[in-house]
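Please keep the sequence and the structure in view while reading.

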Amino acid sequence: MDDGGRRARIMAAVTKHDAGAGADAGELIQRLCWFVVNEMDLSGCALVLMSGADSSSMLAGAGPHAQTVTGLQMELGEGPCLQAYNSGVPVLLPDLTAENANRWPTFAAAALAVGVQAEFSLPLSVRPGGIGTLDLCRDTPGMLSGEQLADAMVTADIARDAVLYQQYVPGNPDLAGLLATVGTDRIVIHQATGMIAAQLDETTSNALARLRAAAFVSGRAMYDIAQDVVERRVRFDE
Amino acid sequence: MNGGSGSMSEIGGPSARPDDSGPDRQREDVARDTVLARAFVRLADTLASDFDVVDFLQSLSADSVEIVGAEAAGVMLADARGGLRLIASSDERMRLLELFELQGAQGPCLDAFSSGQAVQANAADSRSRWPVFAPHASDAGFQMMCAVPLRIRTNVIGALNLFRGTDTPFTGAEMDLAQAMAEVAAIGLTQERALRERSLLAGQLQAALNSRVVIEQAKGMLAEYLNMTMDEAFTLLRNYARDHNRKLSELAGDITCRKISRAALVQRRGQEP
């Protein structure tokens, strides 16, 4: 099947219960995630918007592992989705216990620990870069079939266009409406990053690395430490 | 598409000699096919990173003059409001003529654009169809003129004008060829526009994502430097941006990369109500 036929079939599948579903990009993207989860028997699918390693946020997700895998990669600052975003090439890890997952040993170990066995990250490509990734994961190992992979890539393209053309959707005059709802859980991390940068007289990216390292060493979530920093219970210059 | 049953080897200006099938003629065919193939490759190549719409349409003008057998050619494109604008011409005489066409709001290019159909006229036709434009064409030395729309299915984005100094009509095959070149150019331009629009939107999205991060980080820095709450930090940031006529995200970026010093921020705090 060519991409046009695939696109039409996927759009029909996600809008079959009501034709107006495509009018709201957020709703459409949510349905695309569920489509992929059901069609490919996944345990999670997440659409992640990114403008760099430090500013990624999940726009929509489906399945029990959607938040898990995305959250882990943000927490660790490494993983297949960052690679897919930076390279513009899909990263396919059909077995996280295998050698090729060793590019991200910390991520692979953490994902396996929560029951994720396979992870596939597809870039949302826009020349010359990209705007994020569509991340798929499964609680059993194994490669996606060629058909599934082709479906997933077309789904990623539909989702990308839905995000980009959101500003032309009536009732949503700008991107701000869409973005207001995503990544709000990361705000406290950005604020803490600024405070740590001021405390250490460091760049913000070094400050974020310090925050991430503190989370890793203590085994606590970055969010919790960031909360302590913002509420002035923890300082990094002591 | 305009009628005409010619194959590529029959295409040519008035000097073509269809009866001659000797080796010279075959060599000419090959040479012409090569020119044609190269022109179509150029027309399809719109996705290069250094694509330039004026260069692209300039080469459409030059190629169509050579391939269709005309003296001059020009291309007009619709602007955002639907009006035509002159983009490229094969020579200066043509450029002036097309300006007259736009000024008088009449002429072959405008008709091809508004009807979506190919148009052809000789000197007498042109005087009755376009009384304001025709004298300019005749003064410039042109007797035969045609125009084909730059269209994709029903969507017309511009038109290609071709002029001859002689009164030899454009054959059906020549008109077909001009139309084919115009259509390939239209497809290429539309693809390039879609891609450009998408990367513009992607850039805006990235900027929006980045600006949120940097604004929160700047609030954190202000909160730490000036020992204030995040809300107070945001108010200071917003007032500072307004007073200096700066964008919030740019100001935030200047703060996080220390272009605005801590001392300046402390001083600014003193000025807050």
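The structure is a predicted model.

**Sheet of chain A**
- Five strands of chain A form an open, antiparallel sheet in the order β2-β1-β5-β4-β3, whose edge strands, β2 (56-62) and β3 (91-93), each pair on one side only.
- With direction ignored, neighbouring strands of this sheet are turned against each other by 20° on average.
- Within chain A, the antiparallel strands β4 (residues 118-126) and β5 (residues 129-138) are joined by 9 bridges, and Leu122(A) has Leu134(A) in β5(A) as its bridge partner.
- Helix α2 (residues 25-39) of chain A lies across β1 (44-50), β2 and β5 of that chain, running at about 60° to β2(A).

**Nonpolar cores**
- The largest nonpolar core has 40 residues, of which Ile29(A), Leu47(A), Leu49(A), Ile131(A), Leu136(A) and Val163(A) touch the most other members.
- Elements that each supply at least two residues of this core include α1 (3-15) and α6 (146-164) of chain A as well as α7 (172-226) of chain B, and α6(A) gives the most, with 9 residues.
- A second, separate core comprises 32 residues, among them Ala39(B), Val75(B), Cys146(B) and Leu150(B).

**A buried glutamate in chain B**
- Glu101(B), in helix α3 (residues 92-104) of chain B, is buried yet has no salt bridge, and the nearest side chain of opposite charge, that of Arg129(B), is 9.8 Å away.
- Leaving aside residues up to four places away in sequence, Glu101(B) touches residues including Met76(B), Leu110(B), Phe133(B) and Asn161(B).

Note on methods:
Residues numbered from 1 in each chain as written. Chains lettered and ligands numbered in written order. Predicted model: local features only at pLDDT ≥ 70, side-chain atom pairs only at ≥ 80, totals over all residues. Heavy atoms only, no water. Helix = DSSP H or I, 4+ residues; strand = E, 2+ residues; numbered from the N terminus. Buried < 20%, exposed > 50% of the residue type's maximum accessible area, 1.4 Å probe, protein only. Lys, Arg positive; Asp, Glu negative; His and termini not counted. Salt bridge = Lys/Arg side-chain N within 4 Å of Asp/Glu carboxyl O. Contact = heavy atoms within 4.5 Å. Pairing = 2+ DSSP bridges. Axes fitted to C-alpha atoms, helices over the stretch in contact; angles between N-to-C directions. Core = buried A, V, L, I, M, F, W, Y, C linked by side-chain atoms within 4.5 Å.
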